[in-house]
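Please read them with the structure open beside the text.

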Amino acid sequence: MNRRNKKKRYEFGYDLHTQLYLHAMLLPGTLLIIVFSIIPLFGILIAFTNYKPAMGWSGIFTAEFNNFRNFMQVFRSNQFWPMIKNTLGINLIGQAVIIPLTIVFALLVNELTSKRFKSVVQTTTYMPHFLSWAIYGGLVVTILSPDGGLLNVLLQKFGIISEPISFMAREEYFWVIAIISGLLKELGWGTIIYLAAIAGVDPEMYEAAAIDGASRIRRMFSITLPSILPTVMIMIIFAIAGMLNNNFTQIYVLQNSLNRMASQVIDTYVYQIGMQQFQFGVATAANLMKSVFALILLGAANFTSKKLTNTGLF
Amino acid sequence: MKRKKLLALGTVVIALGIVAAIIITMTSKAPEESEKYAAFEWFLTASALPETWDVEQPVFRAITDATNCTPIVTIPATDADTKLNLMIANNDLPDMMTLTNDDLINELIEADLVWDLGEFMETYLPESHIFEDFPEDVKNEIIRRYGSWYFYPSHIVSDDAAEIWGYPEGTEAYYEALKYSDQFSVFINTAYAAQLGVDVKSVDTEEKLLDLMQQFNKAGLKNEAGADVYTLVIPAEELKEMNMRPLKYQFGTLPYNEEGNYRSEYYAPQYRHAIEFLNKCYQLGYLDQNIMTLDGTSTKTICNSGRAAVYIGGISGLNMGHDDEWQTPGPVLSSAGDSPVFPVRGTTGVGWLKTFISKNCENPEEIARFIDYMSGREGMIVHMYGIEGEDYSWDDQNMLNRTETGKSKVEDSVSGMFGFYAFHHTNFSRSVEYIDAANASDLQISLGSSDKVFRYNSSLFDLPAGYIEAGSDYAFIKNEVNNYVETEIPKLIMSKDEETFNKMYDSTVYDEYVNIVVQEAAAEAGIDLKEAQPGK
Amino acid sequence: MVHGKSWREKTFDIFNTIIMTVLIILSVYPLYYALINSLNNGQDIINFGMVLMWPREFTLESWKTVLGDASVVRAIWITASRTAIVTVLSTFITTMFAYAFSRSYLRGRKVYAALGFVSMYVNGGIIAFFLMISELGLYNTYWVYIIPSLFGGFYNVIIYTSNFKAIPDGLLESAKMDGASEFQIYSRLVLPLSKPVIAALAIFTVVGIWNDYQTTLFYTEGTTLKTLQYYIVQLVQSANALEALKTSSAAGNAEIYQLLQETAGPTSAKTIELAAMLIASVPMIIIYPFAQKHFTQGMMIGSIKG
């Protein structure tokens, strides 16, 4: 049976007529990609030279090669290793926490029986996403303050601690603060993509399972989860590829002079040298390195995902 | 049916959009109507000017009538320096630019993209008053630091300018003292000091200050709302700059050693003493760990709501309207016996905003006329004070007094009044406005005029602009040292005991580079660092 | 036929409801916090800190400042039209691209994939992009808001592709047999079946475009073509700059200090920022429920996934 279908599919679609159609459909998007993303790639040259904007745009090609000095500037800093450690730490642990929780939340929302309550939940939980980190971060710091901040007050009331803890002053708390604040802010928003995937699951499958006597929880685990697995894997792959990126504003707002060793990440460092001194070369070099890494991670993640779950990006 | 609805909706949306686009592209040609006036592009990185040059407003109309210009003002919302860089890369500089960032300025100068102001005015308006009343000392300083007279500085204040414009009766002494003032010091909350029966002015040594803090600590003060009062508050956000500054000067840190060689202040024993002082405060419980995590706004809030007894930092950490709550005792003598120092600019400052003219500008005559007007007496009165009779009036001592209308227009972002920071002239405003020296805020701490203080010439230690090139190794190291210091000082302050402190301080390593570079520069300029001090 | 709920299911429901309620409070409070502070006197906040429950000194000044300027209307118009156009067109172009890309029989797929991933992760930097915009004559025109954004990004392509692939081949094959062209399959079958994911990504697009201010900042003169978000950033920045001037002038210029002291108003940079942020978010918060309707279950017709 399979072989017959396969044979059919081989002929099907490979004809010139279909191909032309397909490529025509690809054309507008491809043109846009080429014009706005591929051609400007010549800007990467800035990472390798002593380019200054005063050289004009031809200067990008004619500025002299500077022996990878821009790249070295990134490594030379005594903040280099702490910065890598912090970036990876916050992202790895963060994603390991956030992705499962987001999925669980999406599943739970899906299981709500009252349609109106479900609607209220969906409409409210995505609200923090719209607040800027400048505001949300300020709120976080206020709540964590040892000087009458809500969290300390509550912990003391319930007798868990006797003295207020200065959370923002301690390096060891920073990663946790960054991760949890990020989670609470984006939880609702992050479920959108999963809810859309869940909505695509065939309702007849649920009915069939119900007839066979499966409980709601059972149905959740055996039907919903496996059905949205491709979406989940894609989000995981993207998360892995984005391992070196942080939300700059979030970190910037939560950083202070005491927790700096735990809060300096690649993006904040690049902003410091890039923006503060117009070191376009160094900033471009750092971004280039991040890009290369991201692509490598992407490939590796995709490969693993295909082996394990048979789904991947390409 | 549904698809048809969607299709219809989509078409309507797109149609609306296209109409919008057409309207917008058409109306964005608005500036054409000012064709009878010359329009030039004016790019500013900081200002309070409204963006549309509304000729209906009297201030704008007066300027346009006198100069025949209607500048097209661009003030980017943020990242202005990056935006200008993009324009540089595209070879499309604005005609006139008002900038603050030295790196950017150097870029422009090095690439020879801006006029020398003197040459420009000579070419296009040789009869300009600027050749008469632009102060020589400022001009020379600009040339010394930037190579040539490239820009018009804002907030001009200098000895020569003071001679040109003069001072009102009785204020000269005040303004002289202002030269020696600094906005950073030790501040004590008057009310709480009074509660303990202590006269703030008497707290003039380190021991007395520590003593006072001990008293505050024991007294268990509370503010009006019943919240606890912190004994000592310091601005933790910019420790190096804001907090260490008053202490390092009060305790006598000099940028050169006994042999007269430049030495980075971090190596000075007095600087170490300053940090030790803070460490002591921390160990004795006067300085709470929480203070070290706050940002500038929170620190300000604490000070303004009466929750701080002693504050060491800059005035900008307190808020206006609260001056009378604080007093400074004047110089606080270090227990190590070193006399306090005060950096004095032996030469003059070069203003805050710097206005440049691009070599490719299109209407040079108009720009010349504009600058001439805005920097001259008539123009300055108009853009800083408004229209006579309506916004201000002259009194019988030839002093200018603003009316209520005038006051309300300041910074209202519509009238343009007081918004032309680039052309603010401090000496000029001082010459026409009467200030009651007695009422002026006591917080203008005239640290440098006390005779207990050793004044040194700080401008000798200024490197010429651009000496440390952005992106050079020096710049990189400087950045690293700054970052390092920012992280280390808090740790030093919070060391648990003397031993840990000493260990940490001794192992703290600062790079020698600055020593070398400044000594090089001084040698090149032929200056003997130790000899050239104004001294006591 | 679903039987009555077991007690296990009932506890699950209660448990679920509690968690949801907690999350609702955690999500709504920050917005409420922003609201009450934007309605509070700015000087009061500087003196006593942010309010937590209810405004200490109520004032509408901050909101008036943001909405008072006539140019806000134009900014809203520009932003709204831009968002609508780009969302519709880019959804169309991107889904079309993704559909073709998802066909396993597409020749040269790897080339498109390479182009796509490179465009996603490698970036030529702001200078190169700016020069491109300038060369195309888009600088400081309304079109700079539209044309570069017409392709929704390869990220979206991946998500669409994965969804399109999940549509059973049998469905598409039978349509082909009936003589439908690829484009017709795309528009009449695939698109309607993918409503949830299209709605989701459309929302992302809308929010992204609505909040963008960098295009205005770097690729226009910033005077006549302001978007709402840019207008807000500008407002906040100038309020900040004014405050910085007030504090720094305290030392150097006693005259200015006194003058500005007399003219200080009931707003502060912070309250203006909050008011502006809320105003900018309101449209998004209103639109979301409409898109949310499309996340409801199963629009699939026909066969069970094989």
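1. In which helix of chain B is the place of Gln250(B)? The coordinates discussed here are those of a predicted model, and in them Gln250(B) belongs to helix 12 of chain B, which runs over residues 239-250. Gln250(B) has a relative accessible area of 1% and therefore counts as buried, the limit being under 20%. The side chain of Gln250(B) reaches the backbone nitrogen of Val332(B), at a distance of 2.4 Å.

2. Elsewhere in chain B, helix 14 covers residues 296-304, and its buried residues include the run Thr299(B), Lys300(B), Thr301(B), Ile302(B), Cys303(B) and Asn304(B). Just after helix 14 of chain B comes Gly306(B), for which phi is positive, at about 75 degrees.

3. A bend of about 40 degrees is found in helix 2 of chain A at Leu27(A), and the proline Pro28(A) follows within four residues.

4. The buried residues of helix 2 of chain A are Thr18(A), Gln19(A), Leu22(A), Met25(A), Leu26(A), Gly29(A), Thr30(A), Leu32(A), Ile33(A) and Phe36(A). In an α-helix there are 3.6 residues a turn, so residues three or four places apart point the same way. The partners against which the buried residues of helix 2 of chain A pack are in chain C, namely helix 4 (71-102), helix 5 (109-121), helix 6 (126-135), helix 8 (169-177) and helix 9 (182-193).

5. As for the interface of chain C and chain A, 90 residues of chain C and 89 residues of chain A take part in the contact. The area buried between chain C and chain A is about 8600 Å², with 77% of it given by carbon and sulfur atoms. Between chain C and chain A there are zero salt bridges, while six residue pairs are found in polar contact, counting pairs with both residues at pLDDT 80 or more. On the side of chain C that touches chain A, the largest share, 18 residues, comes from helix 1 of chain C, residues 7-38.

6. For chain A and chain B, the contact takes 34 residues from each of the two chains, and about 2900 Å² is buried between them, of which carbon and sulfur atoms give 50%. On the side of chain A that touches chain B, two or more residues each come from helix 4 (69-76), helix 13 (260-263) and helix 14 (266-277) of chain A, and helix 14 of chain A gives the largest share, six residues.

7. Pro146(A) sits in the loop between helix 7 (133-144) and helix 8 (150-157) of chain A. Leaving aside residues up to four places away in sequence, Pro146(A) touches Asn152(A), Pro164(A), Ile165(A) and Ser166(A), together with Asn290(B) of chain B. Pro146(A) and Met83(A), which are 63 residues apart in sequence, lie 27 Å apart in space, C-alpha to C-alpha.

8. Finally, chain C taken as a whole has 14 helices and zero strands, and 54% of its 306 residues are buried. Among contacts in chain C between residues at least 6 apart in sequence, those joining residues at least 24 apart make up 71%.

Methods
Residues numbered from 1 in each chain as written. Chains lettered and ligands numbered in written order. Predicted model: local features only at pLDDT ≥ 70, side-chain atom pairs only at ≥ 80, totals over all residues. Heavy atoms only, no water. Bend = angle between axes of the 7 residues up to and from the residue. Buried < 20%, exposed > 50% of the residue type's maximum accessible area, 1.4 Å probe, protein only. Contact = heavy atoms within 4.5 Å. Buried area = accessible area lost by both parts, 1.4 Å probe. Salt bridge = Lys/Arg side-chain N within 4 Å of Asp/Glu carboxyl O. Polar contact = N/O pair within 3.5 Å; in protein donor to acceptor, adjacent residues only side chain to side chain.
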